Amino acid sequence: MFKLLKRFIKPLKKEFIISAITVCIESLLEMSCPFLMNLLLELGISQIEGTNSYTMNTTNVIILSLCMILFGVLAFIFGVTFAKYVAIFSKGMGYEIRKAEYLKLKEYSFHNLDDMSTSTLLTRLTNDVTIVSDTISNSFRPLFRAPVMLVSTITVAAIISPLLSIVFFISIPLTAIIMFSIVRYVKPRFLKIQKIVDKMNRRSKETIIAIKTIKSYVKEKYEVEKFDQINEENRTISNKATGANALMMPTHELILYATIVGILYLGGYLALSPENANIIANIAMFLTYCTQLIATVQMLTNVMLQFNRAEASITRIKEIFEVSSEIIDRKDSDLEIKNGEIEFKDVSFSYFNDDNYVLNNISFKINDGEFIGIVGQTGSSKTTLINLILRFYDVGKGKILINNKDIKEYSIHEVRNKISVSFQNPFLFNDTIKNNIKWGNKNASDEEVFQAAKIACCYDFIKNDLKDGFDTIISEGGTNLSGGQRQRVCLARAILMKPHILILDDSFSALDRITEAKVKENLKRNLPNMTKIVISQKISTIKDSDKIIVLEKGKISNIGTHQELIKIDEIYKDINNIQNEGLE
């Protein structure tokens with residue numbers, strides 16, 4: 001934990017120092033009260049010589065009483081100050097860790113994201129950070145208070161009565177051994193609990209996303225049984241951890257009362273000796289110190305338990321930062337993409353960096369402003385080709401050139417700022433339609449938004465069919481729009497970026513033929529100088545392209561126009577015939 005804290009403590013150094021100083025002063029002030037009480041008994045009340053009567057030294061009593069009150073008030077003030085600054089510190093640490101995690105996740109390549117599930121990333125970003133923040137808040141006081149209390153209390157006790165302090169030297173190590181044994185047993189259980197929480201989150205998320213499928217297949221009972229299995233596993237391990245943890249309090253009380261009995265017995269025995277007659281006045285102080293010391297050891301044990309629980313979270317958070325992306329970003333590059341010319345040179349790619357290539361020896365050139373179609377059967381790696389252009393992944397072999405420069409020489413920001421994409425499965429944010437489109441260019445004017453919507457053929461239905469027009473709030477997941485409407489809104493967003501290269505990854509799949517034809521016509525007429533790459537399984541979508549690239553099992557089968565491919569490429573010819581037969 002401390003290595004993790006050291007990384008994020010700099011912006012909160014003032015709060016850390018104030019918290020540490022105030023809790024140490026508060027502990028010293030609190031520790032001084034029993035000592036003052038002992039002095040009060042010794043100096044405030046004295047036996048009249050030669051009699052069994054006692055007299056009170058009023059001056060000493062008033063001075064010592066005022067000192068105790070003053071120290072108590074000061075302890076309260078420093079305690080309140082500590083509580084304020086430790087809260088700022090702990091929540092600030094949570095903020096800094098969560099912010100750094102979020103920024104790190106944005107740097108992840110798709111390879112990195114493939115290795116970690118969404119549910120575990122969400123847990124590490126939310127639940128794990130909260131656990132760490134709470135642990136800092138709850139353990140800060142004991143960590144600084146315990147050493148101060150232990151050293152000062154034992155020192156004072158040993159000086160005042162070395163014989164009576166023997167009880168402390170027996171009870172404190174005994175308490176520590178028992179408590180830490182419990183902690184050692186509980187520690188691995190907390191790690192398992194965190195892993196099970198991941199499984200529960202993953203199962204819950206999957207169920208919520210697939211609820212329509214589950215209900216349509218009447219599989220509610222099956223899903224409940226799977227969730228119950230994970231939930232039962234969580235309960236079993238939690239019971240073992242909390243069961244052991246439950247021993248803490250009775251063990252603490254047993255040792256506390258045993259120590260009190262030991263102090264009273266030993267103090268009474270020593271008081272029988274004439275040279276130890278004044279030890280009775282020390283017993284009250286020792287009893288108070290006893291309670292404080294045992295409580296301090298208890299607090300340290302609780303801190304250890306919290307650390308054990310937080311250790312799993314800390315490990316998982318550290319893993320976020322230890323992941324390194326294989327996509328190297330040339331952030332310092334000043335190269336600019338000036339047009340939409342792209343060239344693939346003997347490009348091969350494997351998702352697992354092995355010899356199982358999903359793209360193999362791909363070579364082709366796209367000139368600036370061309371309308372390119374990419375077609376192929378399912379599994380022919382059409383989308384993978386697009387992922388490489390956007391540098392979601394890097395090529396294994398060969399090169400991708402943009403404007404005759406290796407794509408790796410540009411900054412990732414420049415590549416993705418000059419290349420926009422509209423995916424088959426469109427994602428819309430829970431915001432207005434206007435703001436969703438303006439994701440393509442937040443500085444765009446309303447007129448530019450409307451123009452992009454007109455090109456994407458979504459202006460009319462937004463303006464006429466939706467009550468609030470462009471201010472209509474899109475529901476979570478875009479469920480208040482049809483599939484075709486969502487695709488057109490996402491296309492408008494991509495167009496508004498005014499990129500040099502526009503990629504449409506099966507973005508017409510939910511459109512009827514008439515709307516599809518209008519969109520393509522608008523793209524050609526309104527964006528003549530923009531390179532347009534359209535991926536589709538429908539020949540009708542790409543048949544009027546300047547060039548069509550036919551993919552088959554990760555290799556290029558042929559490149560040509562529709563009329564050329566009908567004559568020379570059997571795969572293209574078969575796809576065309578099958579689709580035409582379906583229309584007859």
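Begin by selecting helix H3 (residues 58-107) and helix H5 (residues 118-125), whose axes come within 10 Å and cross at roughly 150 degrees, so that H3 and H5 are roughly antiparallel to each other, a label given to angles over 145 degrees. Axes here are lines fitted to C-alpha atoms, for helices over the stretch in contact, and angles run from 0 to 180 degrees between N-to-C directions. Helices (H or I, at least four residues) and strands (E, at least two) are DSSP runs, numbered from the N terminus. This is a predicted model, in which local features need pLDDT of at least 70 and side-chain atom pairs count only at pLDDT 80 or more. Residues are numbered from 1 along each chain as its sequence is written.

Now show the side chains where the two helices touch: Arg98, Glu101, Tyr102 and Leu105 of H3 meet Leu121, Arg124 and Leu125 of H5, contact meaning heavy atoms within 4.5 Å.

Next, select the four strands of the open sheet ordered E4-E3-E6-E7, where the pairing is antiparallel (two strands pair if DSSP finds at least two bridges between them). Strand E4 (359-366) and strand E7 (405-406) stand at the edges, each with a single partner strand, so one side of each is left without a neighbour in the sheet. Within this sheet, five bridges join strand E3 (residues 342-349) to strand E6 (residues 397-402), and Phe344 has Ile400 of E6 as its bridge partner.

Finally, move to the open sheet of six strands, E8-E9-E10-E5-E11-E12, whose pairing is mixed, with strand E8 (419-422) and strand E12 (555-560) as its edges.

Key:
Side-chain values use heavy atoms; hydrogens and water are left out. Angles under 35 degrees count as roughly parallel, over 145 as roughly antiparallel, 65 to 115 as roughly perpendicular and the rest as oblique.
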